[in-house]
Every structure is written in C-alpha cells, then in structure tokens.
Amino acid sequence: MKHVVVGTAGHIDHGKTSLVKALTGTDTDRLPEEKARGITIDLGFAFLEEPDGLTIEIVDVPGHERFVKNMLAGVGGIDLVMLVIAADESVMPQTREHLAICQLLRIKSGLVALTKTDLVEPDWLELVQDDLRRLLEPTFLAGCPVLPVSVRSGQGLPELRAALGELARAVPAKATDQTARLPIDRVFTVRGFGTVVTGTLTAGALGGDERVEIYPRGVQSRVRGLQVHGHAVERSAAGQRTAVNLQAVERAAIERGDVLAPPGALMPSLLVDATVELLEDAPRPLKTRDRVRFHAGTREVMARVLLVDRAQLEPGEVAYGRFRLEAPVVALPADRFVIRSYSPMVTIGGGTILDIAPPRFKRKAPALLAHLRLLEQGTPAEVLEEHLRQAGPAGARAGDLRARTPFGPERLKALLDELQTSGAAVAVDREWYLHRGANDRLRSQTLALLESFHAENPLRAGISREELRSRAGHAQERVFAQLLGSLEADGQVRSDKDQVRLASHAIRLTPEQQRVVSGVEAEFLRAAAAPPSPEEALGRFGVTGTEKHELFQLLIADRRLVRVKESLYFHADALRAIRDKLVAHLQQHKEVSPADVKDLLGVSRKYAIPLMEYFDAQRITVRQGERRILRGVRL
Ligand SMILES: Nc1nc2c(ncn2[C@@H]2O[C@H](COP(=O)(O)OP(=O)(O)OP(=O)(O)O)[C@@H](O)[C@H]2O)c(=O)[nH]1
Ligand SMILES: [Mg+2]
C-alpha cells in the first residue's frame, strides 16, 4: 500500500477542479459560494485508487490570486504537482506564482496538464508548448511530462492518469522514524463523533488511541479514530492525507495552521533563523525590517525579516535571515517556508528554517554567521553538537533537542550516543546533556572556586554546596550534581553532608591557634556540667570573640563541643557523663525534678533547666509537669 499526494496548481479558471473531477469523479468544490461563483476558494480533496494498491490523493487548490494563502496551506505536504495550464490562455500570473511556490517548497517532481485543448488549434498548441518549455526550463519541472488534455472531449485523460501513476510509483517511500507531524488544514465536527482534523501527515506515524497535542495551543487530546482517504485505519504513516477524530476537544479550540503531534515533541516559536532567498522576479529588494507574510506548514503569520549580514537582499540572492514572528509558528529545522510581501500580496521568496529557538547572538556578529553556516551545512552530529555548544553550562534536555532538530527520537538518541563516544558531549543524566567545553569550563571553575575559598577560609572545613553552586554561576541543579559526583569519583573533591571541599584541603593550625583550641576544649572538659560561655572561654586565652569565632567553630565542627541551648555549649564527653548519671538516677527513682537535677549535678537552674530540655529534645526523657520520666517508661 503506497500513498502519494498530488497537488494541483495553476491560474484561476484553467480547469484544475474540472480535471480532478474528470479523473476521480469527485467535485472538490464543496462550498455553496464556490458553486455559485464557479471558482475554487478553499482546498478540495479527492483520491484515485490504482489496482496495484497505489493510492493517489489529490489536493485541489484555488487559482484566484486572493486565495494563494489557501493554496499554500494545501501544497505543504504534497509529493507531486500537477500544474494545470489552459491551452487557450497559456502561462498566466498564478501559473508562475504557483510554480515558484512549488519550487520554493522543494516539491521534487510533477507534470503539466495542458488542458482545454478542445478550444485551440494544433499550431496554437505548439506555440503554448514553446512558452511552457521556457517557463519550466530553470525549474524542477524542466523536461517533465506535458500532457494535452480536454475534459470536454476526454482527450488525453487516460494518458494523464497513466503518467500520474508512473510518477507516483517513482516517489520514494518516506521514513517513519521522525516525530509525527500533521499540519492541520481543516477542522470540522461530525455528528456523533465530535471534532475531526485533517492534513497530510508530513512525517512519522500516528496510531489510534495515541495521545496527541495541538500546537501551539497546548491542547491535549487522544486519537479516537483515524481515516485515510475515506477508510478507517489503525495507523497512518508519513505522506498520507489523514483525518483524525479527536477525543474531547472543542472544534473552536483548533484552527487551520495548528499542528498535531505527540505531546511535548514540538516547540512553538516566535523567532526563527533561516536561509532566505528572494525570487528572481521579486518586484523589489527585501530590506531588513520589511514586514512579510510567513507561510510554514498550513500556517500564515506576519513577520519582520532581519537580514544577518546585509541591509538588503536583491532579487535572485540568498542570505541568512531572522524572522520575528507576530504569532507562534510550530516548525522544525529543514522545513521549507514561503514569504509573500505584505502588500501587494505576491510571493517573493522563501527559505529553509535552520533554528527555531535561536541563541542570543548579536545579529551582526560574525559568530552568528558561523553558527548558521554550521546549522545549514553541518552533518547531523555537527548540528547537534552546535546546539549543545550554544546551550552552554545549562546544558540541554534531550526533549528540547528533539523539538529543535529534525532527527526524530531514535536518531537523536543515536547521535547523542555518538557525541558522547567522541567526547564532544557529556551526559548529565539520561535526559540531560552538556557540551564537553561547557563541562570542562564548569569543572575548572568549580575547582578554582574551592581553591580560593580554602585560601580565604583556611579554618573552615568546606563551603556549603548551595553557596558553591551559586558562585559557579547558579549552575543548573542536575548539571551541578553530576559535576560534583564526577569530581568526587575522581578523588578531587570531598563532600560531607552539604559541605564541599577539595580533597587536598586540611585545616592547618598555627602553634598559637592550636594552643587556643586545646585550651578552650580543656576549659569545657574541666567545667563539666557548669561550662563557661564561649566569650569567657576564649577570653581566658586572650582571644576576643563569640561562638562564631572560627577557632570555636572548629571545636563544634569536630563535635567536641555540643550546643545545648543558644550560647550554651558542653563538652561532648561531659554531656555523655551527665546523661548517664541522669538515666541511672531515673532508673532508680522513676522521676526527677529540677531541684533533683541541681543536686545531682551540683549546678544552678541556669544549667539544670536547659539540660532537662535538651534531654527531652533528645527523646531520652519526657516532661510531666515540672518533672521528667524516662521515655518509654510507664508510671
Ligand atoms: N472547453 C473546456 N472547458 C473547460 C475544460 N476544463 C474546464 N473547463 C471550464 O473552465 C472553467 C473553469 O474550470 P474549473 O475547473 O473550475 O477551473 P479551476 O482551475 O478549478 O478554477 P479555480 O479553482 O477557481 O482556480 C469551467 O467553466 C469549466 O467548465 C476543458 O477541458 N474544455
Ligand atoms: Mg478549482
């Protein structure tokens, strides 16, 4: 089963719709207004089934110059174009414009139906064919089949159908490993089913019951049913015109131009970097800040163009440009787009999207040019590496890389593995990646920060992890965690609780500092249950300072002094002795009062009360009124 989508193209009234009807039996002009005016206004759809399983789906477009916008929404996903030219009128403005659009969208092949031959003489037909050759010569249709036909006489119709079949069979099968994308061209409701959207699935595959998102709105839904050219199917694949019945979505919540894709797979964008080419016959140069109509997929939005390396682009030239979009576009790099001038509404050019989330470069910076050249010409691995490089120390989520590259999830995973193997990228975790350059910089920056911290604070064991992270430019949490982990694994850094230090760092005291530390400790040990205040203890060694003094802090960090209450510290050994005494007393007497504790320890209330509260907090004792009992003992 093969599906190929053919789009009609050509000037108004040249016989596109009549030809589609003659070929398929379907009248694609469905709107009452189309019937009344005898012209096509919006897209029409029909299909041909060949006996060998080939299905040719046809998108019939309007030729009227006012509806080129609708034509553009229809030709985005086509494989082949059937350029329809009326023999009596020959090449006309929209013949040229539609052809230029197909050329800009990089449609690969097609044919010409030279129709209404019943209205002309053979020698006129020859003149028209000369015109045609000149028109097609510089385009992708150079040398394509040209089939004279008439809907009136039926002349040439079997040959046309055969030629279409032949071209369609030659269209290569599409890979389905990319992210599924369906630019929506129609939305309607079907009684009993609800909202249905249609479009050409331009990439990937879509299955029944899959969860989907409508971009850029962020509307989440589920596929309730799928149809391909009128038949219910389990699965639709790239290249097929697909109707999707959506679960629980209001029709009003969706419009032409939206894109259906897996949840989270795409990223709406208001700024895109791209190549821009101006058609040879564009009426005037394109200048920076010109307002244009930007057409991508089935969406049209207004945009301002900013040329990267010049102030204006002459007809026939190609350059890099940045488009500032007035409404979000949902696209992927490598997508082609078309631009039309704001007024008059004519097609003037187009290009290839290179970046849908451009990094902050100064627009005229040479670095931006180099970046864009890499995105345009680089291999997939080089492009991916460039995105990681630009992500800097924040790194990038695999999901974001997926939405910014056209590779699809499987290919992206393989490319990321490749970059890791070559050393160009570091995996922070399974879904976060960092460029090697950023990783190395962050690593040396962190080591340098630790070094200077130790130099400035020789008596502190280490820096708090959060402070280090904030000094390291508020490194992304996962990136920082991975970095510390790897520095620890290398033996360069040690972490203790939330303190980080260089493995080589040790507190080295001068003999004088050592004398103070040992002396203060001895004071607390000797004072046992009635310790001095930090100020007093330090003062006895000629040091002025509170418990904040770094020498005092050393004793706390070493757990030789224990804080029982604000500014009240006990030596750890003394505290253990007090606890043992208290427990022994309670085991014998069941309960103890503040007065008992005073007597037991030979201290005043100043020490007795904080100690009792401390042992309550330590869950050794339980308070009952003014008395304490041992926790877990019932009276
Ligand atoms: N004599 C003759 N008339 C034709 C032929 N094909 C189409 N016509 C007539 O040409 C007119 C326009 O035909 P359409 O098929 O609506 O043209 P179209 O290209 O679809 O027009 P738009 O969609 O509005 O751009 C109609 O009146 C047709 O009957 C033909 O082969 N011979
Ligand atoms: Mg028509």
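**Ground rules**

I am working from a predicted model, where local features need pLDDT of at least 70, side-chain atom pairs count only at pLDDT 80 or more, and totals for chains, interfaces and linings use all residues. Residues are numbered from 1 along each chain as its sequence is written, chains are lettered from A and ligands numbered from 1 in the order in which they are written, and side-chain values use heavy atoms, with hydrogens and water left out.

**Entry 1: ligand 1**

I started with the ligand. Which residues come nearest to ligand 1? There are 20 residues around it, and K16, T17, S18, T40 and V151 come nearest. I took a residue as near if one of its heavy atoms lies within 4 Å of the molecule.

Then I went through polar contacts (pairs of N or O atoms within 3.5 Å; within protein, one must be able to donate a hydrogen and the other to accept it, and residues adjacent in sequence count only if both atoms are side-chain atoms). The side chain of T40 has an N or O atom 2.6 Å from an oxygen of ligand 1. For the side chain of T17, I noted 2.8 Å between an N or O atom and a ligand oxygen. G15 makes its contact through a polar backbone atom, 2.9 Å from an oxygen of the ligand.

**Entry 2: pockets**

Next I looked up open space. The search runs on a 1 Å grid over the protein atoms alone: a pocket is an open set of points with protein on both sides within 12 Å along at least five of seven lines, a cavity is a set where a 1.4 Å probe fits but cannot get out, and lining residues have an atom within 4 Å of a point. Grid points are joined across faces, edges and corners, and a volume is the space filled by probe spheres set on the points.

The largest pocket comes to about 1200 Å³. Of its 46 lining residues, G76, L105, K108, T202 and D335 are the closest to the centre. The elements giving two or more residues to this lining are α6, β18 (291-296), β21 (318-329) and β22 (336-341). Helices here are DSSP runs of H or I with at least four residues, strands are runs of E with at least two, and both are numbered from the N terminus. I logged the lining as 27 nonpolar, eleven polar and eight charged residues. In this scheme Ala, Val, Leu, Ile, Met, Phe, Trp, Tyr, Cys and Pro are nonpolar, Asp, Glu, Lys and Arg are charged, and the others, Gly among them, are polar.

The second largest pocket is about 640 Å³. It has 25 lining residues, with R96, A100, L279, E280 and D281 nearest its centre. Which element gives the most to this lining? It is α4, with eight residues. By class I have twelve nonpolar, five polar and eight charged.

α3 (68-75) and β7 (182-190) are the elements that give two or more residues to it. Seven of the lining residues are polar, two nonpolar and two charged.

**Entry 3: cysteines**

I counted zero disulfides, taking a disulfide as a pair of cysteine sulfur atoms within 2.5 Å. C102 is buried because its relative accessibility is 1%, and C144 is buried at 14%. The cut-offs are under 20% relative accessible area for buried, over 50% for exposed and partly exposed in between (1.4 Å probe, protein chains only).

Most residues other than glycine have a negative phi, and most peptide bonds are trans. I therefore wrote down the exceptions.

- Y215 and P216 are joined by a cis peptide bond, omega about 0°; P216 sits in the loop between β10 (211-215) and β11 (219-228).
- S343 and P344 are also joined by a cis bond, omega about 0°, with P344 in the loop between β22 and β23 (347-355).
- D209 has a positive phi of about 70° and lies in the loop between β9 (205-207) and β10; D209 is exposed at 52%.
- R619 has phi near 65° in the loop between α19 (605-617) and β33 (621-624), and R619 is exposed at 57%.
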